[in-house]
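Please read it alongside the sequence and the structure shown here.

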Amino acid sequence: MTATEPILTVTDVYAGYIKDLNILQGINFKMYPGELVAVIGPNGAGKSTLAKAIFGLLTPNQGSITFQGKAIAGLKSNQIVKHGMCYVPQISNVFPSLSVEENLEMGAFTRRSGLQSLKERIYDAFPVLAERRRQRAGTLSGGERQQLAMGRALMLDPDLLILDEPSAALSPILVNEVFERIRQINSMGMAIMLVEQNARKALAMAHRGYVLDSGRDRFEGPGPDLLDDPKVGELYLGAASFHAGAGRNAPTPEPSSD
């Protein structure tokens, strides 16, 4: 799934948390409108760092980032949100003392109208949130909190949604539920950048994928193709015996973070 012009382009980006120590080593990355793009890689590869650099939580030391045709490298995240991008972090992504409905309303802080219709759209997409709309977010299960975090981001009706490790620490049943909601959101036409530890599930549902290693984009291609690529299997799983076609049946790697 591609369009003529990318919605997001990352070009030769170097970035890190300490001056002169770059985690990202010249990353190149792009997304097109409506795409679901998975970003995977071993522990410390720079996956979450890339997401944070794109969303303005980290200023690149070198390189350019354009979104919707506008240069955004160096902008703060609250400025980037206004351009139509939202980011859901792995942790601390809801207000536990507020109700589900109050969390959704907090997500629409830059909007002045249409809140009720947006809330109803979110409730349609996430039925469990409708059932628990009066419940405090802190009492939700991990999977329900993750759905609330996504729903809160969607209250801004963004053109691009960045999800940072949405399946982390969830049970297999809850992982399946969260991935189904991600698929559903993408089917409505929203572009999604999925930074994910569960490489197989992410690549199996992605239009395209990127494999990062040591801060570089090592592989890029259609998600199912990367899933069955023996070189990707060797890099991500450390299994030289990994062969084409085995990706869907091999054991899931341990959770990782950057």
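## Packing of H6 and H7

In this predicted model, helix H6, which covers residues 142-154, packs against helix H7, residues 172-187, at an angle of about 15 degrees and with the two axes 9 Å apart. Because angles under 35 degrees count as roughly parallel, H6 is roughly parallel to H7. The crossing in which H6 passes H7 is right-handed.

On the H6 side, the contact is made by Gly-143, Gln-146, Gln-147, Met-150 and Leu-154, and on the H7 side by Leu-174, Glu-177, Val-178, Arg-181, Ile-182 and Ile-185. Sorted by class, the residues in this contact of H6 with H7 comprise six nonpolar, three polar and two charged ones.

## Packing of H3 and H6

Helix H6 also has a crossing with helix H3 (residues 100-107), where the axes come within 7 Å and cross at roughly 35 degrees. The crossing of H3 and H6 is right-handed.

Here Val-100, Asn-103, Leu-104 and Gly-107 of H3 meet Leu-148, Gly-151 and Arg-152 of H6. By class, three nonpolar, three polar and one charged residues make up the contact of H3 with H6.

## The four-stranded sheet

Four strands make up an open sheet with antiparallel pairing, and their order across the sheet is S2-S1-S4-S5. The edges are taken by strand S2 (24-31) and by S5, each of which has a single partner strand, so one side of each is left without a neighbour in the sheet.

Within the sheet, strand S1 (residues 8-15) pairs with strand S4 (residues 62-67) in the antiparallel sense, over five bridges. S4 and S5 form a hairpin that has two residues between the strands, and Gln-68, which lies in the turn, has a positive phi of about 55 degrees.

## A helix across the sheet

Helix H1, residues 47-54, lies across the strands S1, S2 and S4, and runs at about 65 degrees to S2.

## Surroundings of Tyr-14

Tyr-14 has its place in strand S1. Although Tyr-14 and Gln-62 are 48 residues apart in sequence, the C-alpha to C-alpha separation of the two residues in space is 5.1 Å. When its neighbours within four places in sequence are left aside, Tyr-14 is in contact with Asn-22, Leu-24, Gln-25, Gly-26, Pro-60, Asn-61 and Gln-62.

## An aromatic pair between S2 and S9

A search of the whole structure for aromatic pairs finds two. In one of them, the ring centres of Phe-29 and Tyr-210 lie 4.6 Å apart and the ring planes stand at 50 degrees, so the pair is tilted. Which strands hold the two residues of this pair, and how many residues apart in sequence are the parts that the pair ties together? Phe-29 lies in strand S2 and Tyr-210 in strand S9 (residues 208-213), so the pair ties together parts that are 181 residues apart in sequence.

Methods:
Residues are numbered from 1 along each chain as its sequence is written. This is a predicted model: local features need pLDDT of at least 70, side-chain atom pairs count only at pLDDT 80 or more; totals for chains, interfaces and linings use all residues. Side-chain values use heavy atoms; hydrogens and water are left out. Two strands pair if DSSP finds at least two bridges between them. Axes are lines fitted to C-alpha atoms, for helices over the stretch in contact, and angles run from 0 to 180 degrees between N-to-C directions. Angles under 35 degrees count as roughly parallel, over 145 as roughly antiparallel, 65 to 115 as roughly perpendicular and the rest as oblique. A crossing is left-handed if the near helix is turned anticlockwise from the far one by less than a right angle, and right-handed if clockwise. Contact means heavy atoms within 4.5 Å. Ala, Val, Leu, Ile, Met, Phe, Trp, Tyr, Cys and Pro count as nonpolar, Asp, Glu, Lys and Arg as charged, and the others, Gly among them, as polar. Rings of Phe, Tyr and Trp (its six-membered ring) pair if their centres lie within 6.5 Å; planes under 30 degrees apart count as stacked, over 60 as edge-to-face and the rest as tilted.
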